[in-house]
Every structure is written in C-alpha cells, then in structure tokens.
Amino acid sequence: MMDIDQQGDVVQPEQPGSQILLPSEAYPSAIHVLPYPRPFFPGQAIPLILDAKSWLPTLEAVQKRDHDVLGLIATRSSLDGVPRPADLYEIGTVCRIHRVHSEDDQLQILLEGLQRFRVRRWISEKPPLMVNARYFPERLQTHGTNQKAYAIAIINTIKELIPLNPLYGEELKVFLARSNPNEPSLLADFAASLTSASKPELQEVLETINLQRRLEKVVELLHKELEIAKAQMEIREHVESEIQSHQRESVLRQQLKFIQQELGISKDDKTAEIEEFRTRINDLEVPAAALERIEEELSKLSTLEHGSPEFGVTRNYLDWLTSMPWGRFSEDTQDLDGAARVLDSNHEGLVDVKERILEFLALGIMKGDIAGSIICLVGPPGVGKTSLGRSIADSLNRRFYRFSVGGMRDEAEIKGHRRTYIGALPGKLIQALKHTKVANPVIMLDEVDKIGASYQGDPASALLEVLDPEQNDSFHDHYLDVDIDLSKVLFICTANQLDTIPGPLIDRMEVIHLSGYLDSEKLAIAKRHLLPRQLRRAGLTSRGDLKINAAALKTIIEGYSREAGVRRLEKSIAAIVRKAVVKLLKGARRPIAVGADDVSDYLGKPFYEKEARQHGVGVVTGLAWTALGGVTLPVEATRVHNRQAGLKLTGQLGDVMQESANIAYSFLRANATELGIPNDYFDKAYIHLHVPAGATPKDGPSAGITMAIALLSLAKGRSPKRNFAMTGELTLTGNIYPIGGVREKLLAAKRQKIRHVILPKANERDYEEVPEHIARGITVHFVEKFEEALELMF
C-alpha cells in the first residue's frame, strides 16, 4: 500500500496477496473524523446532530474535497467539547454523508456506515480533526459452514427477541430493506447494534476484524440481550397483572357499592362511623350529661364534610367519649385466702405489709366495695413496690395499669389538653380507663415522690383532685370536658421517701412502709424468684446447665448486695448467668457449679468487706436512715493535743449534723462535773470528731446522742459497752428527742447482729409498729434523758 499525502489520493488497503480494488472501495487515506458517544457499525444509517460552532469547519473541509466521506469514532467517555486523540478509540467506521441541514446553532447530518478503519496517525488534533486511516473492506464471498451456522443462530435469536420487544422488528425491517441478509458480516454488525450492550463490548465487536470471532462475540451478546428481554417481559407481565387485578377489584367494588345503594343496604363512611359510635354506647350506662354531649357531637359530625379539619377533631373526640367504660366494672374476688396466696406466691417476706393489704381487702369485701382508698407504698428502691401493686390487682382480679409520674412537669398529663390545641389528648387517667376497658381498674402512679413542677403547671396539685375520694367521683378532664367517675378506681402510689411529697397529697393516702429485706429473706427470694427468672431468660435450667448453691448466694448477698432491696442482687445473679452462658458456648462441661469460692471469679472483688465493729475509747456505733434503707454509722472521737481547746469535725457532715455535734460538745462542757469529766479537760483538749466514710455526705439530727457518748467516752477515758447502737436527737438540756426511720434503723442493726439498741422514749409507738421478725433478737432501751443513756453505756 502506498503512503500518500493529505490531498486525498486514493489508497489501496493493505491486504495479504493481490486483490482488485473496486471503485466503491476507493477512499482517501486522509479523512476528517467526528466523535460519537457510541460505537457505530458499517451498513447502518444514523442521523447526527452536532454543534455548528464546533463542527461546521469539519463539514466544510469535507465538502471541499472530492470524497463526501468522514470517519466516525466512539469516545472513551462522555465529553463536552472537542476531544483529544487519547479520548477516542483507534478503530471507527468510515461514513458517507447523505444530507446536511443547518438550523439555528445545530447541524443535522445523515450518515451511512461503509467500512471499518484504523487510525494510523493523527494529522490534525484540532478541528477540523484529520487522521491517516487504514481500511478493512468486507467482500462478498463464499463463507464456511461455521459462519453460516452462526448467521442462522443470529437470525433465530433475533426472531426470539421480536415478540419480546416490537422495536426489534422495526429495526429488522429497515435492515432487510437496505442490506443483504445473506452477508454474515453485515448481519453481525446489525445484530450487535441491535443490543443494549455496553460501550466497551460494542467497541470490542467493532475492533474484531476476523469475521468468525466477530460472529461468536455477537451471538454471545444476543443471548445476553435475550435473557434481559425475557426478564423485562416477566416484570412487565407481573406489573400488568397486578394493575389489572387492582383495576378489576376497584371496578367490582364500585359495582357492589352501586348495587348496595340501589338496594338500600349500603352506607357511606361517615354514616357507618356514626352508627359505630351509637353501637358502642348502646351497652353502656352513660350519664345523662355525657350522653347529651355525645348526641350533640354526633349531630355536628353528620353535617361536616370529610375534608373539613373540624371533621377529624370531632371524630376523634367522639371516639374517646364512646370508648370510656361508662358503668362497666370487673367483678372483685371475694376470696381473702386466695388473695393471700397470690401475695405469698409473688413476694417473699413483707409479712406486715401483706397483713395491711389483706386488712384493706377484707374491709372492702365486708362492705362489698373495694374503693375510695388510695394506698401509698413507701420504701427503698428494689423492695418490690411496683410488683406488689401488680399482685394487689391480681389478688382482686382487677385489671392493672401503671404509669410513672417521676419527672412529670405538665399538669395536662393528668388532666388532659384542651381540644383547642392541635394533637390534643386526654390525660393518663382517661387513657388508663380506655386501655383497661373497665371503670374500676387498679391504677399505679409510680415514683410519686419525684413529680416535678414548671410553668406548665403543677402535676402534684392536679393529683389532689384525683386522689381525693370526696372529689374524684366527678373528675373533669380538660379534653373530654365531661365528668368521669374515678371513685371506683383503686389507686396505688409508690415512693422512696415522703419528704418530697406535698403534705395535702400525703393526707389523702394510706401510707404503707416497706422497710426492706433481711439477709435470710433475700436468700429465699434469690432461690425462689430471682435465680429461676434469670435462668429462664438465658434459656438455661438449674439442673442440667447452671447450679448456684446457697453458700454462693449468701456470699453475693453479704459482699455485693447489702442494700435494702434486691435489685443489685438480681443484677449480680444475672452477671453470673451471662458469664456461665459464655463458658457453655465455649464447650465447658455441664452443669457449671458456682460455689462461695467461685463468686469472686464471676463478679470480681466484693463491694463490701465484713465489717468488724470497732470498739474502744471514743468509738460508738450510731444508726442512720438513707433513701436506700437503714445503715450503721460509726462515730470516732480522739484528742489531738492539750495546747488549745477546740472541736474539729470531718466526714462530709451536713449543717444539721454539725449542729448536733456542737450541741453535744456544748452539753458536755456545761455539765462536765455532773457527768464525771475532769473540770479542765475541755479547757485544754483539741478534739477531732470523725464520721466514716469520708466520701459519703451525711446529714440529720439523729446522731446527737451518738456523738455525745463518743465525746464522753473520750473525756472519761473509758470504752462504752459492746454490742450497742443508738440513735436520737440531743438538746442542750439533755433531753432526747424522737427521730424517724425506726424500722429501717432496726433492720440495719439486725443485719450487723447488734443486740442492744437505744431509742428515744417518744419513738415507742413507732417501735410497736415494727414487724416482729425484725425486732426479734434485739433488746431496745428507751431513754428520755441523756443520763439514762449514760447509765446504759458505762
């Protein structure tokens, strides 16, 4: 092949051997090229729209030459503007220009693909783009059997595609009108252009000069296209069937509705809702005022349109009004023994509390109406207040509803929102009645001592009406705006302490104290309730998977769970169960046995060490009350030096406790002679009084007598009697005033195995209310004057 210049002399294709060049195959070696976003094949025709500003010089340059041909090369990626040589593939299609039309800023040209060419080198890299080309002409010739077989396979696949997509048929008609279907080369190019293959796949076909390999690639592409078309057809048929099904159902519903209306047996949605509301109240004993309001709202609803905002508000209001259990009550159990069995099965210990509850139930059974009382269960966390309330409901065979008022700051939570607000709702009490569907449920108000107040109102004040038996028979919720009878509801409140509950609210409640559990009771609770529950949650059994013996449980109670309740005890058992599950899943031998010596391996070092009660000069054991129950409180006094009189207090003592220490110090100085203290002792001694532990804040007046005995022991140089603990407020005149938390303090003394407790004489009544199982084994000494305590301790 001759290498010619840019003037367009005819070039003969480089083919092995000698061939005759047909006039129709004589193309210039130098041609102008245009970019195209997709590979274009010989034998195809395409209308092309170009930007006149960028490509008009190229078309003008083509028209100036004798040959109206140009090259069309696919771009490697999407481009805006004039491409660089690296942006175009090396093989493209030489095309003949059939028509050029200019309109506004666009050029419309019709191109016909002639044959493949390869870019040998770039003559011009700027518009008009020009390359030196090498051509690959296709000749009519006798083809082998394999090529005919592939051609037939292509035709058969196209026949399969035509029913799946009619567009394939239109393309085939155009191809048959201008091409010879018996020419495998043209057929392969046509079939490739027919597919939705990716640009690299089509370019690979275009660059495959060998006809046999090209036919193979095209057959593969057609099969992929056939699979895609079949999948699209399945999706389309599925969607069409769904649409037809819905359309059919919609038409049938419309016909049914029309038939029902003609027969007079159909109602529109609004009429159906009104009838539903009327049906609800037919079986209820609705008070006259509420019934009148319901009828007014039903009349109003019948005149409103569905699209009206007032329609939704009225409908929701009627829904709440007609959902109230007007006059519907559950039947209370009359079996007192059965109620006792329910309480015993769910709770260990708490004998005095159970007796109080059974007394309350017995009174209600006797008069035939268990209502009008509000119980308040007060005690440390984890002693079972909430679960006890549920047990009361079970023992009465009443429905139970619980909600927490802890942290509640909006009175609307109790009395509801007014209907003028968007999204208004009734209060929690009305919601409880709707939920339980009876007018006499057991409603628990949890954490009533933690109720808050804000600019939105005081929920505690709103509860005054709810918890007053004289008022709650006509409770007025802001949303319902009609009176609701709550007098049949049994309210149970829970609290950790009474100090933060308003006085008027306490006056309306019957307070029952839950002091906490002894170690023996905790052990029984762990065996019968806590451990089985944790094993069930983990999917284990006590026989075949995990065994925790009584000694291990006792170790957990003494070293990890000394609080009044059992919540930390249950967490400790849960931790052991979790670690045991991990061991079992790793292949440990079943069952895993946990003994007392194994507990620290599961739970780490104990939180509490065994308390060795201190004894000596200036050391006395006191008793204190905390929100977690009663605790022992050691008080230590020592003389630092004799150079200057003074008193130093440590141990994070609050203001009241510091006052108690100063009162004790002043009382002893003022009465030193009568108490047998050397006259000049307090004139010289600098005394340090400490209350362990130093990191725990402490306050309250009940440590006055304890501090005075500690200072007196130091001044006399004598140790007080062992196995004594005391609590009481001391005055400057030596009187002992009463204190609170007697039950909790005695429980703390019993846990520490203290035999003697000194209490103020004014607390005798409180002591009589202490359960026998707590007081058993403790000798209580009541004192009215400090001198009486002095005689007991020295």
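How much space lies in the largest cavity? About 50 Å³. Some notes on that and a few other spots follow.

1. Ground rules. This is a predicted model, where local features need pLDDT of at least 70, side-chain atom pairs count only at pLDDT 80 or more, and totals for chains, interfaces and linings use all residues. Residues are numbered from 1 along each chain as its sequence is written, and side-chain values use heavy atoms, with hydrogens and water left out.

2. The cavity. The count comes to one cavity of 30 Å³ or more. A cavity here is a set of points, on a 1 Å grid over the protein atoms alone, where a 1.4 Å probe fits but cannot get out. Points are joined across faces, edges and corners, and a volume is the space filled by probe spheres set on them. Lining residues have an atom within 4 Å of a point; for the largest cavity they include Leu350, Asp352, His513, Arg743 and His773. Helix H11 (351–367) and helix H26 (772–775) each give at least two residues to that lining. Helices are DSSP runs of H or I with at least four residues, strands are E runs of at least two, and both are numbered from the N terminus. By class, the lining has five nonpolar, four polar and two charged residues. Nonpolar covers Ala, Val, Leu, Ile, Met, Phe, Trp, Tyr, Cys and Pro; charged covers Asp, Glu, Lys and Arg; the others, Gly among them, are polar.

3. The second largest pocket. A pocket is an open set of points with protein on both sides within 12 Å along at least five of seven lines. This one holds about 620 Å³ of space. Its lining has 26 residues, and those closest to the centre are His347, Gly384, Ser387, Arg533 and Val566. Helices H10 (336–346), H12 (385–396), H17 (519–538) and H19 (567–585) each supply at least two lining residues, with the largest share, six residues, coming from H12.

4. Ile235, Val239 and Ile243 make a nonpolar surface patch of about 260 Å². Such a patch takes residues with over 30% relative accessible area and no salt bridge, with nonpolar side chains (Val, Leu, Ile, Met, Phe, Trp, Tyr) joined within 5 Å. A salt bridge is a side-chain nitrogen of Lys or Arg within 4 Å of a carboxyl oxygen of Asp or Glu. Val239 sits in helix H6 (residues 211–263) and is partly exposed at 38% relative accessibility. Buried means under 20%, exposed over 50%, and partly exposed in between (1.4 Å probe, protein chains only).

5. A residue tucked away. Ala192 is in helix H4 (residues 184–194) and counts as buried because its relative accessible area is 0%.

6. Most residues other than glycine have a negative phi, and most peptide bonds are trans. The bond from Pro127 to Pro128 is cis, with omega near -5°; Pro128 is in the loop between strand S5 (106–124) and strand S6 (130–136). Arg590 to Pro591 is also a cis bond, omega near -10°. Lys437 has a positive phi of about 65°, lies in the loop between helix H14 (428–436) and strand S9 (442–446), and is partly exposed at 48%. Lys753 has phi near 60° and is found between helix H24 (742–751) and strand S23 (756–760); Lys753 is exposed, at 61% relative accessible area.

Notes: Patch = residues over 30% accessible without salt bridge, like charges linked within 9 Å, V, L, I, M, F, W, Y side chains within 5 Å. Areas by Shrake-Rupley, 256 points an atom, 1.4 Å probe, with all protein chains shown as cover.
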